[in-house]
Amino acid sequence: MIFSRTTNEYGVMEAGSSGSPLFNQNKLIAGTLTGGNSACNHMDGLNVYGKFSYHWNKYENEDSQRLDVWLDPLDKGVEILSGRYQIARKAAPENLSIKYTNQQVSLSWTAPTTDGIPSGYYIYRNNSFLDYVTNTGYTDSDFKTGNSIYGVSAVYNDGSESIISTISIYIEEYKAPVNVTASRQENDIYITWEAPIYEQTIYWGTQDFTWIYGFDDNTPFYFGQLWSSEELKPVYNRLLTAVQFIPVTGSYKIYIVQGERNYRKTVTDVIRRTLNTIALDVLFVIGSEELIISVFVNEYNSQINFPAACDNGPEEAGKGTVISLNGINWYDTGEDINFIVAGVISSHKGSLTSDEIQVKSQVLLPAFTKQASKIEGVSSSGSLKSQVITVFLELNGYNIYRNNFQLNNSLLGGTTYINKNVPEGNYTYGITAVYSGEESPLSEVIEDSTVDMFSIQTSRPGIIL
């Protein structure tokens, strides 16, 4: 082993050097440092290098610990791989464009204008290889909803690959109707279904468990988050279905308050120090007044732990760190944290009632004066940010199909359809939901034992009659 001369004529490995490369005479990595005990004060110590050829493919059952699956993902039998930036990369595809129509993502581009004509193109989605094509277009029918980044690189006859041209797209998930059933009444077939359900989780802060908060004298208290009337506009009359929080120590109750309405639920069977989702026994209809989603805690021992899980800030002042001692008067803690409390909202609508009317909360939010304490809870380094409330997709109506033929001339507004005077035979029914001109896939079907017409069967998707 040969080292380059240093100023003091010594070369030695210290802690933190693991993974450093050992080059051969061709300036290619032949091994990597995997261990040893040498140090500046132990220059005669041992340095242990692992063979790159062994790292390459000898760990047959450990894909995460072998290199060939990462450096030769197409299994081309590569034995020598030059550095990626050893030479200038050839020209990449140009004018990359993307569109989403008819439940397909379509990519198109033009060939590079320099460095010759590519033999083909590699297609990537979210840094994962998808396909190889020889033309200048690609259609992805197995796309992912949400944000996706697509990439296209040019492949040349000498085996070289250009840099990757990228483009991003956001694809909304258009959900299909649920709980579809069919039943026969004489010669008519009755199809029923329920509207598709969307959910969103709302919270302030990062939800990264970092601190725990409480009082040295074990005072019971409410801790939670607040949303203003303006922030709630997108979800008026929608249903709050669950509350999420991280229990640490003590006994907990869910407490939701909006105007003169409130809801309480005792929490049992929790998993401590992890995020719990507590379903509400009675769904809470969101109105137009300020909303507080909180957790009440008592019977904790501050000598063991504090009960309220928090992130590491920065504080969403007056929103992410509200506190109360009586559930009526609310304050801002003034701490640079946010309580880890979140609400789960369904797209289903409800109607406001006067049930459970109690005394109206007084949301003051001045600085909290009672002395509280916080200690480090668990190290966390997530990248989530406050999840603000957004508008749910607007459902325009439904289409119903029999043997892939649309039966309705205009969108259906309800969730029931009668197919009258059905002749004897086998038919496949399916329901789709329509959102601003975009149509969902066909619904999945639940078997219904009441359907017994003409040797009726069921399948997915659709109903076979």
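Biologist: Which residues does serine 436 touch, not counting residues up to four places away in sequence?
Modeller: Glu394 and Asn396, with contact meaning heavy atoms within 4.5 Å. Bear in mind that this is a predicted model, where local features need pLDDT of at least 70, side-chain atom pairs count only at pLDDT 80 or more, and totals for chains, interfaces and linings use all residues. Residues are numbered from 1 along each chain as its sequence is written, and side-chain values use heavy atoms, with hydrogens and water left out.

Biologist: OK, and where is serine 436 placed?
Modeller: In the loop between strand E30 (428-435) and strand E31 (438-439). Strands here are DSSP runs of at least two E residues, helices are runs of H or I of at least four, and both are numbered from the N terminus.

Biologist: Is serine 436 buried or exposed?
Modeller: Exposed, because its relative accessibility is 64%; the cut-offs are under 20% for buried, over 50% for exposed and partly exposed in between, using a 1.4 Å probe and protein chains only.

Biologist: Switching topic: in what order do the strands of the open three-stranded sheet run?
Modeller: E1-E2-E3, with antiparallel pairing. E1 (21-23) and E3 (47-51) each have a single partner strand, so one side of each lacks a neighbour in the sheet.

Biologist: How many bridges pair E1 and E2?
Modeller: Three, with E2 covering residues 29-36; two strands pair if DSSP finds at least two bridges between them. Proline 21 has threonine 32 in E2 as its bridge partner.
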